[in-house]
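Student: I would like to learn how to read the helices and strands of a model. Could we work through one together?

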Amino acid sequence: MKIRNFGVEIWMNGYENHCSHNLAETCVESLTIAQLLEIAGKPQSALDDLLAMKMTYGAIEGSDRLRAAIAATYARQKIENIVVAHGAIGANALVHETLVEPGDRVISVLPTYQQHYSIPASYGADVQILKLREENGFLPDLEELRRLALPGTKLIAINNPNNPTGALMDEAFLGEIAAIARACGAYVLCDEVYRGIDQEGDGFTASMADLYEKGISTASMSKAYSLAGLRLGWIAGPVDLIHAVSIHRDYNTISVGMIDDHFATMALENRDKVLARSRSIVRGNLAILDAWVKDEPRISYIKPRSGTTALLKYDLPIASEAFCIRLLERTGVLFTPGSAMEMEGYLRIGYANGSTVLREGLARVSQFLKEFD
């Protein structure tokens, strides 16, 4: 199997440990274990729980308690609809590995997480790209999707809320995509790793797994739940799909680890408090970013409706990678170049770190932009 270099991951691996102000980070500011225990109301008893834990593989598919907590984040999913994976990255890879064969038609939006088009392409699939455009608010063009979704299409891969644009498809829009998929017999894989931190309401939009009989949703503890260090994600979907995934999973996962399972369960059982913190951070920080964009004549964007990232369009005669390298060298601020996501002319900013980091980082970017005057 030959596969393309993973643009964003290579960029982050090369530069994220060499910056003073990381505005490329996509997780809501990470929780410490102490903060998680405080949220869960277990600061004293947590050590006793861990000391009594025998370090076996644990429950292979994820403990019943964990899968019940995951299922509770959906409207129509039960334990048997859930299997746990090594992060959303592992969940997505398992779905593609399970469903996609050489010659299968797979439709993926772009920009999105690169897994959703590079993995099926590496299997020899007929990958069709549905480009998200600024004039549509970075939402999929449904007419174009209908043209691409030929009878027999195997999989439609979307990302909601979208990384990197922060665009959000509501329940009605997702229903339109489900109807298109139903007409051609396709599964829909919806990467929902940022679900729970919408800018309005309770933070939760509808999930594809709840809306469509062949809908598959993936998510993790990393982004909205601020616990990337647990390396724990999941797949929610039809029982027959979960069984098929489990056959592949036996070859590369076994279990996610008892400690990860334990702390993820704790966070999910207290998700109202965890996500309230996350929503406070992303809503407050987006207001800071929005005010900054309005004051920078060379920067524009479609304001995100969810997630932790925005795609900034810049009006400068310089390639995005060169821009980001020069910015890092001059200021210590890290962005992600649009070229890493096949979106040249744009920059991705992650705005969900601490507000002080965001304010100071944006101030440094403003000084940097003055060099082009």
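**Packing of a helix, then a sheet**

Tutor: The buried residues of α14 pack against β1 (21-22), α12 (271-295), β9 (299-301), α13 (320-331), β11 (333-334) and β13 (346-350). Contact here means heavy atoms within 4.5 Å, and helices (H or I, at least four residues) and strands (E, at least two) are DSSP runs, numbered from the N terminus. This is a predicted model, in which local features need pLDDT of at least 70 and side-chain atom pairs count only at pLDDT 80 or more, while totals for chains, interfaces and linings use all residues. Residues are numbered from 1 along each chain as its sequence is written, and side-chain values use heavy atoms, with hydrogens and water left out.

Student: Which residues of α14 are buried?

Tutor: An α-helix has 3.6 residues a turn, so residues three or four places apart point the same way. In α14 the buried residues are Leu358, Gly361, Leu362, Val365, Ser366, Phe368 and Leu369. Seen down the axis of α14, they fall within an arc of 160 degrees, so they line one face of the helix. The arc is that of the directions from the helix axis to the C-beta atoms. Arg359 and Gln367, on the other side of α14, are exposed. Buried means under 20% relative accessible area, exposed over 50%, and partly exposed in between (1.4 Å probe, protein chains only).

Student: What span should α14 have?

Tutor: The expected span of a helix is 1.5 Å times one less than its number of residues. For the 15 residues of α14 (residues 355-369) that gives 21 Å, and the end C-alpha atoms are 21 Å apart, which agrees.

Student: Which residues of α1 are buried?

Tutor: In α1 (residues 7-15) they are Val8, Trp11 and Met12. They cover an arc of only 95 degrees around the axis, which puts them on the same side of α1. Their cover includes α13, β11, β12 (336-337) and β13.

Student: Now the sheet. What is the order of its strands?

Tutor: Strands of a sheet pair through backbone hydrogen bonds, either parallel or antiparallel. Here an open sheet of seven strands has the order β2-β8-β7-β6-β5-β3-β4, with mixed pairing. At the edges stand β2 (82-85) and β4 (126-131), each with a single partner strand, so one side of each is left without a neighbour in the sheet. Two strands pair if DSSP finds at least two bridges between them.

Student: How many bridges join β7 to β8?

Tutor: Four bridges join β7 to β8, and the two run antiparallel; β6 and β7 are also joined by four bridges, but run parallel. Ser217 of β7 is the bridge partner of Cys190, and Ala236 in β8 is the bridge partner of Ser217.

Student: Is β7 buried or exposed?

Tutor: Six of the six residues of β7 are buried, so the strand is largely enclosed by the rest of the structure. Gly215, Ser217 and Ala219 lie on one side, and Ile216, Thr218 and Ser220 on the other.

Student: Where is Tyr74?

Tutor: Tyr74 is in the loop between α4 and β2. At 8% relative accessibility, Tyr74 counts as buried. Leaving aside neighbours within four places in sequence, the contacts of Tyr74 include Ser217, Ala219, Trp234 and Ala236.
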